[in-house]
Amino acid sequence: MISYGLKAGFFGAAFAAISALGSAGAQAQASPPADTVYLNGYVYTADAKDNVAQALAIREGRIVFVGSSQDAKTRVGPQTKIIDLGGRMAMPGLIDGHMHPLGGGKSLTGCNLNYAALTLDQTLATIQACLDAEATAGPDDFLVVNNWFRQKMLPAGTDMNKGDLDRLKTSRPILVINFDYHSKLANSRALALAKVSRDTQDPKDGKIVRDAAGEPTGMLEDGGDALVMAAMPQLSPEKTAEQNLAFGRTALDALRRQGITSFLEAAAEPGEMAAWATLHKQGELTARAHLAPKLPTDGDQTADALVKLAGDLKARFDQGPLQAEPGITLRNAKIFMDGVIQAPAQTGAVLAPYLVNKGSTDKPDWQPGSSLGSLYVNQERLTPLLIGLAQAGIDPHLHTDGDGAVQVTLNAIEAMRAAVPGKDIRPALAHDELVDPKDLPRYAKLGAIPVLSFQWGAASPDQVASVKDQVGPKRLPFVEPYGQILKAGARVAFGSDWPVDPLNEWYAFQIAVTRSDPTAPGKLNADPGLSIGEALRAATIDAAYELHQDEVTGSLEPGKFADLIVLDRNVLKVPAEEISKTQVLLTVVGGKEVHRAEAFK
């Protein structure tokens with residue numbers, strides 16, 4: 001079992017004990033002076049013992065000393081930059097093990113519903129305002145609306161269909177994208193351009209939602225959006241590349257401010273990967289970029305063909321061993337196993353049917369329905385694919401939302417371990433929103449890494465309305481079971497899934513600890529959650545392990561790259577309810593400052 005925590009009475013001895021890590025004193029005097037020395041801080045190292053120090057020194061992008069301020073001063077030379085932390089907390093830079101940053105940058109532009117809880121009239125009014133602001137747009141130019149929060153519409157239970165969008169004063173096609181990116185709503189004009197009708201078949205990896213008469217409602221789940229997406233006017237390659245660079249720059253600015261120094265771009269498309277490569281070439285990359293291209297498992301390609309595709313992309317984009325300067329790796333491949341467990345989509349693959357209300361709103365009667373969600377890759381296809389990826393040295397990174405998808409994936413990982421014994425493959429299961437209790441210990445046994453989005457573990461109104469009754473009381477204890485997975489021995493990594501949620505890592509860490517939404521009382525279930533130390537490790541050293549960079553990042557230790565952040569408060573000591581208010585004052589990647597807040601002088 002992996003168990004981390006900050007022990008009472010530990011800190012007093014830690015300042016002295018950690019000095020040994022930096023070979024202080026006389027030995028330090030013989031070393032070349034540091035480029036930068038940080039003094040008088042609370043330096044949380046996230047090392048194997050969760051040591052805390054006062055100071056650290058950096059030379060040529062690497063940490064050369066961690067220990068006391070007195071000993072750190074022996075590293076100071078005529079050209080050394082000295083930064084007085086003034087008692088502030090420094091810690092390793094955050095490593096986000098699952099996000100979509102280029103999409104995040106894009107989501108911050110254009111027509112945006114901003115994840116807000118809106119009535120139908122408010123939603124339509126916002127979209128109409130976007131249409132009015134684009135008076136020169138052509139009749140076939142799509143309006144794409146970002147960050148609709150379908151499950152938060154007011155009053156509770158409100159939903160939209162194409163008829164609602166058709167009321168807007170426009171003849172343009174419209175596509176409204178739900179915050180989770182698994183559901184999209186098209187108006188009639190968009191469906192007509194895409195030639196989506198009652199006779200259109202559902203794809204293998206999604207569905208076109210239909211009414212009782214068999215007509216499309218406009219709602220498109222997962223791969224059900226393919227025809228509509230294909231119907232959008234295509235920009236020139238040059239214009240697309242220009243936009244992607246702009247989205248990447250916007251994303252990097254947001255990452256710096258959050259203290260994110262490494263990230264995994266999950267489900268990266270070729271154009272997105274090319275954008276990151278260009279930003280790196282131009283010296284604009286300010287975080288370590290790990291790319292996980294999406295494998296097109298919705299087609300008929302064999303496992304060998306999919307492995308070759310991943311290998312070809314790796315040969316094109318992977319830059320080899322990590323350097324102090326942030327670069328790009330491609331050592332992961334993304335596989336979508338299912339959708340989401342939230343109603344009304346319920347495309348997450350589950351082991352027992354979702355419950356449906358066979359009573360009334362006033363007198364509900366929740367009984368098993370007929371839906372088990374959607375499993376996009378079955379056991380017979382997944383197992384050889386994971387074995388092939390392992391043989392090629394590529395880590396599978398799988399979207400697994402429902403307990404059925406989790407179980408099938410763990411089965412395939414078990415077969416992969418047997419077929420490729422001893423190989424250092426680090427398979428990751430992203431989200432794990434519902435897990436069968438029998439599968440909890442299998443993560444640790446199989447070396448499978450749950451990459452969890454902690455912010456979903458609260459009893460937020462949308463989560464309660466769209467999950468609690470639909471899974472029922474027997475399964476509810478195992479919804480968002482982060483504490484249970486950790487206590488079962490798994491190495492837990494954190495992934496924000498931005499822009500599925502607004503980018504706020506510190507809010508997510510607070511939810512990991514409190515399991516409570518500050519805006520809504522109560523808890524979703526009795527899962528114990530994590531300590532703040534466990535949450536921080538999930539976003540530092542354990543996420544570094546997920547991405548095969550734990551030998552050079554993830555903790556503040558001599559020899560590792562100087563990826564670190566300085567905070568406006570000590571999150572290990574403040575009340576848990578204040579963690580979400582944390583501001584990052586300084587972000588350093590490979591020894592270079594990439595963000596400095598006005599408040600940090």
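Student: How do I read the way two helices pack, and at what angle do the axes of helix α11 and helix α12 cross?

Tutor: This is a predicted model, in which local features need pLDDT of at least 70 and side-chain atom pairs count only at pLDDT 80 or more, while totals for chains, interfaces and linings use all residues. Residues are numbered from 1 along each chain as its sequence is written, and side-chain values use heavy atoms, with hydrogens and water left out. Helices (H or I, at least four residues) and strands (E, at least two) are DSSP runs numbered from the N terminus. Axes are lines fitted to C-alpha atoms, for helices over the stretch in contact, with angles from 0 to 180 degrees between N-to-C directions. Here, α11 (residues 303–317) and α12 (residues 379–391) cross at roughly 40°, and their axes come within 9 Å.

Student: Which residues of α11 and α12 meet, and is the crossing left-handed or right-handed?

Tutor: Contact means heavy atoms within 4.5 Å. From α11, Ala303, Leu306, Val307 and Ala310 meet Arg381, Pro384, Leu385, Gly388 and Leu389 of α12. A crossing is left-handed if the near helix is turned anticlockwise from the far one by less than a right angle, and right-handed if clockwise. For α11 and α12 the crossing is right-handed.

Student: Now a single helix. Which residues of helix α15 are buried?

Tutor: An α-helix has 3.6 residues a turn, so residues three or four places apart point the same way. Buried means under 20% relative accessible area, exposed over 50%, and partly exposed in between (1.4 Å probe, protein chains only). In α15 (residues 461–471), Asp462, Gln463, Ser466, Val467, Gln470 and Val471 are the buried residues. They line one face of the helix, because they fall within an arc of 105° seen down the axis of α15; the arc is that of the directions from the helix axis to the C-beta atoms. That buried set packs against β19 (355–357) and β20 (366–368). Just after α15, Gly472 has a positive phi of about 85°.

Student: Where is Ile341 found, and what does Ile341 contact?

Tutor: Ile341 is in the loop between β18 (332–336) and β19, yet Ile341 is buried, with a relative accessible area of 1%. Leaving aside neighbours within four places in sequence, its contacts include Tyr354, Asp401, Glu433 and Leu434, along with Ser466 and Val467.

Student: Which residues touch the most other members of the largest nonpolar core?

Tutor: A nonpolar core is a set of buried Ala, Val, Leu, Ile, Met, Phe, Trp, Tyr and Cys residues joined through side-chain atoms within 4.5 Å. The largest one has 109 residues, and Trp276, Ile335, Leu389, Phe454, Trp506, Phe509 and Leu536 touch the most other members. Helix α13 (residues 403–419) gives the most to this core, with seven residues. Among the contacts of Phe454, leaving aside neighbours within four places in sequence, are Tyr482, Val492, Phe494, Phe509 and Leu530.

Student: On to strands. Which residues on the two faces of strand β25 are buried?

Tutor: In a regular strand the side chains alternate between the two faces of the sheet. In β25 (residues 564–567), Leu564 and Val566 on one side and Ile565 and Leu567 on the other are all buried.

Student: How many bridges join β25 to β7, and how many to β26?

Tutor: Two strands pair if DSSP finds at least two bridges between them. Strand β7 (residues 89–92) runs antiparallel to β25, with three bridges, and Pro92 stands opposite Leu564. Strand β26 (residues 584–589) is also antiparallel to β25, over four bridges; there Leu564 stands opposite Val588.

Student: What is the strand order in the open sheet of four strands?

Tutor: The order is β5-β4-β1-β6, with mixed pairing. Its edge strands, β5 (62–67) and β6 (81–84), each pair on one side only. The twist averages 15° from one strand to the next. Five bridges hold β4 (residues 55–59) and β5 in antiparallel pairing, and Ala55 has Gly67 as its bridge partner.

Student: Which peptide bonds are cis, and which residues have a positive phi although not glycine?

Tutor: Most residues other than glycine have a negative phi, and most peptide bonds are trans. The bond from Ala343 to Pro344 is cis, with omega near 5°, and another cis bond joins Trp498 and Pro499, with omega about 10°. Asn114 has a positive phi of about 55° and is exposed, with a relative accessible area of 52%. His548 has a positive phi of about 60° and is partly exposed at 23% relative accessibility.
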